[in-house]
4 protein chains.
Amino acid sequence: MRVKPDKKESILDAAEQLFAMKGYEGSSVRDICQLASVNLAMVNYYFGNKEGLFERLIERKASFLREKLQKLLDDPSLSYIEKVEAFADGYTDRLFERRGLTLTIMREMSMQQRCHFHEAMGEIFLGNFNIMRQILQRGIEAGAFRQVDVELTIATLMGTIHQVLINENMVRKFAAVQDDTDPYDDQNFRDRVKNYIKQLLRSYLVKV
Amino acid sequence: MRVKPDKKESILDAAEQLFAMKGYEGSSVRDICQLASVNLAMVNYYFGNKEGLFERLIERKASFLREKLQKLLDDPSLSYIEKVEAFADGYTDRLFERRGLTLTIMREMSMQQRCHFHEAMGEIFLGNFNIMRQILQRGIEAGAFRQVDVELTIATLMGTIHQVLINENMVRKFAAVQDDTDPYDDQNFRDRVKNYIKQLLRSYLVKV
Amino acid sequence: MRVKPDKKESILDAAEQLFAMKGYEGSSVRDICQLASVNLAMVNYYFGNKEGLFERLIERKASFLREKLQKLLDDPSLSYIEKVEAFADGYTDRLFERRGLTLTIMREMSMQQRCHFHEAMGEIFLGNFNIMRQILQRGIEAGAFRQVDVELTIATLMGTIHQVLINENMVRKFAAVQDDTDPYDDQNFRDRVKNYIKQLLRSYLVKV
Amino acid sequence: MRVKPDKKESILDAAEQLFAMKGYEGSSVRDICQLASVNLAMVNYYFGNKEGLFERLIERKASFLREKLQKLLDDPSLSYIEKVEAFADGYTDRLFERRGLTLTIMREMSMQQRCHFHEAMGEIFLGNFNIMRQILQRGIEAGAFRQVDVELTIATLMGTIHQVLINENMVRKFAAVQDDTDPYDDQNFRDRVKNYIKQLLRSYLVKV
DNA sequence: TATGAATGAGGGTTCATTCAT
DNA sequence: AATGAATGAACCCTCATTCAT
């Protein structure tokens, strides 16, 4: 072969895909290795055990988004509502693109099984959460926003997107995409979601 | 014996609790039976198999809420925004009270495993979905609401509540409840969520 | 209901049918009771346990044939070869009619599992075996038959019929019966078998 | 270790032995693995499942005999009756040597359980069946044999041997072997059976 | 006499993991 | 670095049987 495909990466990709479709416990190490075309023992060899594989998967995701959002927070050229909207856009794009992993993480966070996962997952979550919270709080302090419920506003932002990600069947019905197309890859639908969220937040946040 | 404890119900209760905490696959029939203090074979005796138990669990939930919401839709004494708010209140209460099952269902709906579950779960979901949709659409037609994105508005309603239900750890931080109290049973917090959602929707829906 | 169907008999009938099709271990007490339309506990109530049911099934078969064959042995109006042929005819008819039970017994006799069954089954078998042996031995002593291998001759008689009973698929091919007909109920085929056996035995037994 | 015992083969040997004694359903995978001194999971590892093990067992038997018999059919140096006798000898030897598996197969063929086994088993059976049929038919056409019932003649050949194999208890009585000896390994008894069959067939087939 | 509920043992199978090579 | 063989625990489920009524 010309390019040596990184086995470690193959396993992570396969795991991400299978975890998304079948859940953590529903995905056997055997299936993951078969999908990744590597030997069964490689998971334990590279990641120690199945849980190590999962944790590595989380870390892989954690990196990029926060830096981008952090810049947003500090950008003096944007108004508060523009920052909110930019955050919403970036966050939506990110979650749509990493839909599988997002769902996997959400499922794990809603369980008390494998609680040590929560730490790593919580950090990712909390990072974005705190950035958004600062944007909102500063906007309120500056008088640009009303005295809103900051934490629940963030829950709305995240929850709306998650809800869209969860109900693929339902989305398929009202997203007006072809049957063989992934609605989450459809630009029209993604724009619709982004515009909706921005309008919703603006209605709620901005003083009339 | 004085009171005959209904074994069938015990099993369902135990399953609801364990599924919520550890997921469907993470909960073994053994564990469920042990928690319910019944013999291992009773699950198969009463429900055929583990999947039958799950389906029965779904059906048990399905019953009450929809009738109540349906009445809402047809109540002529309420304005459109009052209907939306009443729906939000009822839905929030319901999901808070049945938090465990709600999370279990959400997790299953976000997976492609055990797809035959989706039918039963989808019906529950779709029922509430359609009622809310009708309220919104009629409100729009009547000119009481703006030309909003109906489906995504519903996603916001549901998604916000789910997001709150998922992140127990985070909720605990900003809900200001005592450590040993279930924040979802705290009346202050629940009212906070309900008020937030109503205000959010009112901001978005009602013309200025 | 008008005629009260004998439950005991219903169970025996159902068991005979299921044992024949699926074997002793392949037939669950549940299936038997369901086919017999009786309560699950009736098997243990009437027969003690599953093995008792089987033994009772054997006894039910044991009765009729031997008496008929015994009369044959003592009938002075028949020649030796006529006795052999009458025996073959009667035996063939009997085994064809009770095909299921015959197969069940054969299977059990060929296993070392549940050896206590062998006694009851062996008696049935041995009874017929001994009658035929006497016929043959007396025929040899009287000079009507050649000095043949008596025991193996009986094995041929029984084995040929069993072989025909076992291979239903093969029989169906060369028995020239309609697809929906039980070849063992087809008179032509049964006559063919009977004539074949008689001719075979005559060729072997009778001096030229 | 010096000699590496083939685990796969050990399992097959153990299964052959247990299936013969206790039947397919009466032999648990646990028992088989214990007898073979291998881990419980090895059956699934090597054969997929218990049925796969059985099928593999059949295939292992299928190989040798037919080639030998086929050569017989085409050997120009033998007369028709010599071919029949050679076939009978070879077939008897083979079935005596593989008594356990023969009984197992016969039992399975006589049941409607696990019908997919029948294909593989039927092929083995049919192969030998067809060779013998051709020998007989050509002998008849050549005028060496009488106009006999070909199919039932084969049933007699097979059935007689099977009958001897089934009734170990009875065989023990008239085979005149020591109590601790397997009568099927006794050369005298085997010769007796072979001679009997050859004489029986010659009587029936050959014109006087 | 007859039943539905209940039991404990054991069934086949899959799992994550380890080991010798 | 990488593998195929091997392991023991646990999985869900079915079994024949028993018990209170």
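Before moving on, some ground rules. This is a predicted model, where local features need pLDDT of at least 70 and side-chain atom pairs count only at pLDDT 80 or more, while totals for chains, interfaces and linings use all residues. Residues are numbered from 1 along each chain as its sequence is written, chains are lettered from A and ligands numbered from 1 in the order in which they are written, and side-chain values use heavy atoms, leaving out hydrogens and water.

**Stop 1: chain A as a cartoon**

Switch to cartoon view and you'll find 10 helices and 0 strands in chain A. Helices (H or I, at least four residues) and strands (E, at least two) are DSSP runs, numbered from the N terminus. The C-alpha trace of chain A spans about 60 × 40 × 40 Å along its principal axes. Contact means heavy atoms within 4.5 Å; among contacts in chain A between residues at least 6 apart in sequence, 68% join residues at least 24 apart.

Now show the side chains of Phe19(A), Tyr24(A), Phe54(A) and Phe117(A): ring pairs link them into a cluster. Rings of Phe, Tyr and Trp (its six-membered ring) pair if their centres lie within 6.5 Å; planes under 30 degrees apart count as stacked, over 60 as edge-to-face and the rest as tilted.

**Stop 2**

Over all chains, a search of the whole structure finds 54 aromatic pairs. For one of them, pick Phe87(B) and Tyr91(B): the ring centres are 5.7 Å apart and the planes are at 20°, so this pair is stacked. Both residues sit in helix α5 (residues 80-97) of chain B, 4 residues apart, about one turn of the helix. Phe87(B) is buried, with a relative accessible area of 0%, and Tyr91(B) is buried too, at 4%.

Next, jump to Phe19(C) and Phe54(C). Their ring centres are 5.8 Å apart and their planes are at 45°, so the pair is tilted. Phe19(C) lies in helix α1 (residues 7-22) of chain C and Phe54(C) in helix α4 (residues 50-74) of chain C, so the pair ties together parts that are 35 residues apart in sequence. Both Phe19(C) and Phe54(C) are buried.

**Stop 2: between chains**

Which chains can you check for gaps? Chain A and chain C have no contact, and their closest C-alpha atoms lie 32 Å apart. Chain B and chain C don't touch either, with their nearest C-alpha atoms 13 Å apart.

Now select helix α10 (residues 187-205) of chain C and helix α8 (residues 150-166) of chain D, whose axes come within 11 Å and cross at roughly 65°. Axes are lines fitted to C-alpha atoms, for helices over the stretch in contact, and angles run from 0 to 180 degrees between N-to-C directions. Among the residues making the contact are Tyr196(C) and Leu200(C) of α10(C), and Leu152(D) and Thr156(D) of α8(D).

**Last stop: inside chain D**

Finish with Ile105(D), Met106(D), Glu108(D) and Met109(D) in α6(D), which meet Phe117(D), His118(D), Met121(D), Gly122(D) and Phe125(D) in α7(D).

Technical notes. Buried < 20%, exposed > 50% of the residue type's maximum accessible area, 1.4 Å probe, protein only.
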